[in-house]
Amino acid sequence: MATVGIDIGGRTHVAARCRDGQSAADRKVLRLDQSRAGFHALDSWLAAEPEPVELVVMESSGHYWMPVAAHLRSRGVPVAVVNPLAARYFAKSRLARTKSDPADARSLAEMAMRDSPIPRDPLAGVELRQAARFAMTLVSEQARLCQRLYRLIELGFPELRELFEDPTCRTARAVLRIAPTAAAATRRRTSTLANANAGLGRRRLGQAKAERLQTAAQDSIAVPELDAEAAFEIGLLLDQFDLLETQIEAAEARVAELLDGELARRLRTIPGVGPAIAATLIAEIGDIGRFDDFDELLAYAGVHPAERSSGRKGANPETSWHMSKAGNAYLRAAAYRMAVVGLQHNPVIAAHYARKRAAGKSSMNALGHCMRKALSVVWGVWRNGQDFDPNWGLEA
């Protein structure tokens with residue numbers, strides 16, 4: 001029997017073979033292109049030796065591994081796709097001194113021979129994972145756009161934050177459409193501002209809030225030199241926000257077509273968890289049982305706190321700790337979406353946010369705590385096998 005390691009590249013892969021009873025792979029390797037001709041060359045190379053291939057191991061490097069993995073699986077060759085970190089630590093344990101494509105391929109072949117990673121269908125559920133990741137990518141783009149809007153609002157209409165905890169909510173966006181800056185708000189009629197976001201099933205700003213906003217705008221601390229530019233940029237960013245909102249709805253509808261099963265139904269009982277988030281949770285977490293405790297799940301998502309207290313940053317607890325962000329970005333995006341939507345629709349998240357704000361946390365800091373809370377709700381629903389209970393965590 002033999003094992004094969006394939007170092008994945010963007011256009012060219014390198015394959016190495018390790019024979020049964022040997023701890024070191026053969027020096028001779030195969031270079032193959034990411035093409036049909038390259039895959040035929042791989043088939044010939046695998047069949048040329050008398051020892052049958054027991055296992056092929058490769059890293060999950062971006063998306064480049066998928067075509068060759070799909071080809072091997074179609075030929076009935078057992079494939080194991082391993083985490084690049086696991087491969088790196090294996091190479092270090094062997095005191096590898098050379099870092100090259102052939103050396104990496106040999107290391108993977110030796111890892112397959114020694115550790116025998118369990119072969120699984122590497123493309124099982126790949127369509128759902130791809131659809132969920134695409135939806136979460138749109139969510140992340142919208143989150144970055146919100147940060148740009150926050151900055152412009154602070155420069156052009158900071159008083160808007162006095163009325164809206166979230167200046168990108170639907171009503172606030174409607175106000176910004178007609179009055180993107182404080183100067184523009186002073187020129188608008190109060191009745192015009194009051195009717196912002198008017199419509200069936202919507203919450204208009206209202207006369208009282210319109211008067212408060214206009215009074216504050218008349219004594220604004222906005223930067224007058226940036227009034228025209230801020231208004232111009234806010235208008236474009238609002239257009240982008242609306243486009244992303246439409247695209248996110250379409251992406252979630254696509255995910256809903258692919259989503260099935262009792263776990264998906266149970267996760268969707270959590271307020272703020274739509275098809276895209278449920279699919280992301282299932283695709284990225286996989287088996288919840290592989291995490292011994294909740295802290296391991298937080299670390300996997302990169303939502304756990306990391307200390308950065310050297311120098312002047314250590315003087316302020318608000319700046320000496322920050323979110324790690326060293327984990328799964330797609331899972332973190334899902335937690336962010338759950339937290340943002342949960343502020344309005346999930347009583348557990350809303351109450352947790354209110355407690356953090358009352359404790360003096362900034363809005364973004366409190367939102368980070370809500371991301372952790374959102375994952376704790378997911379942990380409870382998934383591990384306990386029960387639908388969401390709105391009374392969970394209200395006392396915590």
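## Overall architecture

The chain contains 18 helices and seven strands, where helices (H or I, at least four residues) and strands (E, at least two) are DSSP runs numbered from the N terminus. This is a predicted model, in which local features need pLDDT of at least 70 and side-chain atom pairs count only at pLDDT 80 or more, while totals for chains, interfaces and linings use all residues. Residues are numbered from 1 along each chain as its sequence is written, and side-chain values use heavy atoms, with hydrogens and water left out.

Along its principal axes, the C-alpha trace spans about 85 × 50 × 45 Å. The chain has 396 residues, of which 44% count as buried; buried means under 20% relative accessible area, exposed over 50%, and partly exposed in between (1.4 Å probe, protein chains only). Among contacts with a separation of 6 or more, 63% join residues 24 or more positions apart, a contact being heavy atoms within 4.5 Å.

## Helix H7 and its packing

Helix H7 covers residues 170–178 and helix H11 covers residues 227–258. Their axes come within 10 Å and cross at roughly 140 degrees; axes are lines fitted to C-alpha atoms, for helices over the stretch in contact, and angles run from 0 to 180 degrees between N-to-C directions. H7 is therefore oblique to H11, since angles under 35 degrees count as roughly parallel, over 145 as roughly antiparallel, 65 to 115 as roughly perpendicular and the rest as oblique. The crossing of the two helices is left-handed, meaning that the near helix is turned anticlockwise from the far one by less than a right angle, whereas clockwise would be right-handed.

On the H7 side, the contact is made by Arg173, Leu176 and Arg177, which meet Ile234, Gly235, Leu238, Asp239, Phe241 and Asp242 of H11. The contact residues of H7 and H11 comprise four nonpolar, one polar and four charged; Ala, Val, Leu, Ile, Met, Phe, Trp, Tyr, Cys and Pro count as nonpolar, Asp, Glu, Lys and Arg as charged, and the others, Gly among them, as polar. Within H7, Thr171, Ala172, Arg173, Ala174, Val175 and Leu176 are buried. The buried residues of H7 pack against H11 and also against helix H5 (126–156), helix H6 (160–163) and helix H10 (207–218).

Phe157 lies in the loop between H5 and H6 and is buried, with a relative accessible area of 0%. Neighbours within four places in sequence aside, Phe157 is in contact with Leu152, Leu176, Ala179, Pro180, Thr181, Ala182, Ala185, Leu213, Ala217 and Ala222. From C-alpha to C-alpha, Phe157 and Gln386 are 45 Å apart in space and 229 residues apart in sequence.

Trp45 belongs to helix H1 (residues 36–48) and counts as buried at 16% relative accessibility. Not counting residues up to four places away in sequence, Trp45 touches Val4, Ala15, Ala16, Arg17 and Leu30.

## Cysteines

A search of the whole structure finds zero disulfides, a disulfide being a pair of cysteine sulfur atoms within 2.5 Å. The sulfur of Cys146 is too far for a bond, because the closest cysteine sulfur, in Cys169, is 11 Å away. Cys169 is likewise in no disulfide, with the sulfur of Cys146 as its nearest cysteine sulfur. Cys146 is buried at 6% relative accessibility, and Cys169 is buried with a relative accessible area of 15%.
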